[in-house]
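Hi everyone, thanks for coming.

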Amino acid sequence: MTAPSTFGLSSEARNLHWLLSNLIEEVPGIQSVAVVSSDGLLLLSSDPGQNEAAREARSEKPTGPRGSAADLATIVSGIGSLTVGAAKLMDYGPVKHTMVAMDEGSLFVMSISDGSLLGVHGSAECDMSVVAYHMALFVGRAGHVLTPELRTELRKSLEGDAKRSGR
């Protein structure tokens, strides 16, 4: 996790960290995960070191957005914004999820609540239906607790971690 220490966080924030860790550990092929607020700010993400074994298996190929969870957050936010605009133009209601299949991997974006998004970058070997199922479980469990207060707490936690690590 980008915030490996959950010391000092509320029980809701610790639960979200646990849910994200659980998602990464239980679903084979997940490269990285980001939870993004409606205004595009990264709230929670996987640690690039979490899936080292999956990365080593694909050592010659790119493993995802270059460098940081912020890159994935930017991509997720952009895709979320684009699909919301498309849904409004088509007048079919709100977007539930989006999947982008590429030769070397997949990107999944799912609405959580109040415009927040869950983004998952999976390897080419991941089972898309398993990823989508576990994302839906995460959204179902996290959506009701992702209040404005919790989003503020998560954002401040990330900012504090960045300052401590010198980023």
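**A walk through the chain**

Okay, the chain has 167 residues, and 43% of them count as buried, where buried means under 20% relative accessible area, exposed over 50%, and partly exposed in between, with a 1.4 Å probe and protein chains only. Keep in mind that this is a predicted model: local features need pLDDT of at least 70, side-chain atom pairs count only at pLDDT 80 or more, and totals for chains, interfaces and linings use all residues. Residues are numbered from 1 along each chain as its sequence is written, and side-chain values use heavy atoms, with hydrogens and water left out.

So what does the secondary structure come to? You'll find five helices and five strands, and from the N terminus they run α-β-β-α-α-β-β-β-α-α. Those are DSSP runs numbered from the N terminus: helices are H or I with at least four residues, strands are E with at least two.

Strand 1 and strand 5 are antiparallel partners over six bridges, and one thing to spot is isoleucine 30, whose bridge partner in strand 5 is glycine 122. Touching, or contact, means heavy atoms within 4.5 Å.

On to the inside. Which residues have the most contacts within the largest nonpolar core? The core has 27 residues, and the answer is Leu16, Val33, Val35, Leu118, Val120, Phe138 and Leu154. By nonpolar core I mean a set of buried Ala, Val, Leu, Ile, Met, Phe, Trp, Tyr and Cys residues joined through side-chain atoms within 4.5 Å. Helix 1 (11-26) is among the elements that each supply at least two residues, and its six residues are the largest share. A second, separate core of twelve residues includes Ala34, Ile79, Val109 and Leu158.

Back to Valine 35: leaving out residues up to four places away in sequence, its contacts include Leu41, Ile112, Phe138 and Leu146.

Note on methods:
Pairing = 2+ DSSP bridges.
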